[in-house]
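Subject: Structure for you to look at

Hello,

Here is the structure I said I would pass on. Please open it first, then read the notes below with it on screen.

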Amino acid sequence: MKKPASPDNEAARLVELRSLDVLDTPNEERFDRVTRMAKRVFDVPIAVVSLVDDQRQWFKSCVGLEVSETPRDVSFCGHAILDSKVLLVTNALEDERFFDNPLVTGEPGIRFYAGCPLRAVSGARLGTLCLIDTRPRDFCTEEMETLVDLASMVERELSAFQMATTDELTGISNRRGFATLAEHSMKVFAREHIPATLVFFDLDHFKEINDTFGHAEGDVALQCFAEAMRENFRESDLFARIGGDEFVVLFTNTRRQVAMTVLKKFADAIKIHNAESNRGYELEFSCGAVQYDPLQHPTVDDLLAAGDELMYHNKRSLQHLFS
């Protein structure tokens, strides 16, 4: 087994890594969503956001493994950060660096590994977004490009780690957080021909709630709507509060027809909430559902504008789809 060497800029790299104040922090949806997407897109059992510390590699996000870190001297990611390119190991048993590595000969039985370095703003390589399989496999150029795109999503989150990307009131993403994740997701959807549908929501009569019951109760209404989104949408879907009473969800791997079925169930859940809450008002919403088309919606703003326009058309025409 060949232990990974240290990069030439190791001291500065560790200072920058630790300045992010991310090591040993709890799981976060913005990272977990990327590893879930990577696992699904590449059909691998394990996907990890790994940060390489002094003596260990620590997992900010991991699907498919029960551990949160492993020693750096047996890590594949320790090798991956030595170069700017993706480290690709198609069969670890045939690679002199890894054939007798305990992660190969024992659990989890690594055979295939693809690790894309995660760069800080300075260019220092802090860790990887990596894919692991327990069987040998090939990896084409298109898959390599997709992995790089997904890694870019993680890099953006790391570089903006101390920036506000979460709506303080509801705890879900705000407009900036949604745009960051959706921008890179849309690239993956376009390249892999993955269908996606955006739904733009506007709470009806929200001003009346504030005027009649007060702004504190208006905040409760927003929190209840966000909680309903958490409970009824999938973990892989991107949802956010992007304005005062405006919310969006980007359904992944979902065509508009299927999204409408999901929205009907969501509307039923809101009706149940209204019946049980007894707060003197009801949560109601108008919405517009737009299937993502890379030609018509080249940017996140284009997709949001299309959803917003359709939502207001439905609101003006009193077309409440789920009444």
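Of the 323 residues in the protein, 53% are buried, meaning that each has under 20% relative accessible area. Please keep in mind that this is a predicted model.

Some overall figures come next. The C-alpha trace spans about 70 × 35 × 35 Å along its principal axes. The protein has 10 helices and 10 strands. Its exposed surface comes to about 15,000 Å², and 49% of that is supplied by carbon and sulfur atoms. If you take the contacts between residues at least 6 apart in sequence, 67% of them join residues at least 24 apart.

Four strands form an open sheet in the order S8-S9-S7-S10, and their pairing is antiparallel. Strand S8 (238–241) and strand S10 (285–291) are at the edges and have a single partner strand each, so one side of each has no neighbour in the sheet. On average, neighbouring strands here are turned by 15 degrees against each other, ignoring direction.

How many bridges join strand S7 to S10? Strand S7 covers residues 196–203, and seven bridges join it to S10. Phe201, for example, has Cys287 in S10 as its bridge partner.

Helix H9 (residues 256–277) packs on this sheet, where it touches S7, S10 and strand S9 (246–252). The direction of H9 makes about 165 degrees with that of S10.

Regards

Technical notes. Residues numbered from 1 in each chain as written. Predicted model: local features only at pLDDT ≥ 70, side-chain atom pairs only at ≥ 80, totals over all residues. Heavy atoms only, no water. Pairing = 2+ DSSP bridges. Helix = DSSP H or I, 4+ residues; strand = E, 2+ residues; numbered from the N terminus. Axes fitted to C-alpha atoms, helices over the stretch in contact; angles between N-to-C directions. Contact = heavy atoms within 4.5 Å. Buried < 20%, exposed > 50% of the residue type's maximum accessible area, 1.4 Å probe, protein only. Areas by Shrake-Rupley, 256 points an atom, 1.4 Å probe, with all protein chains shown as cover.
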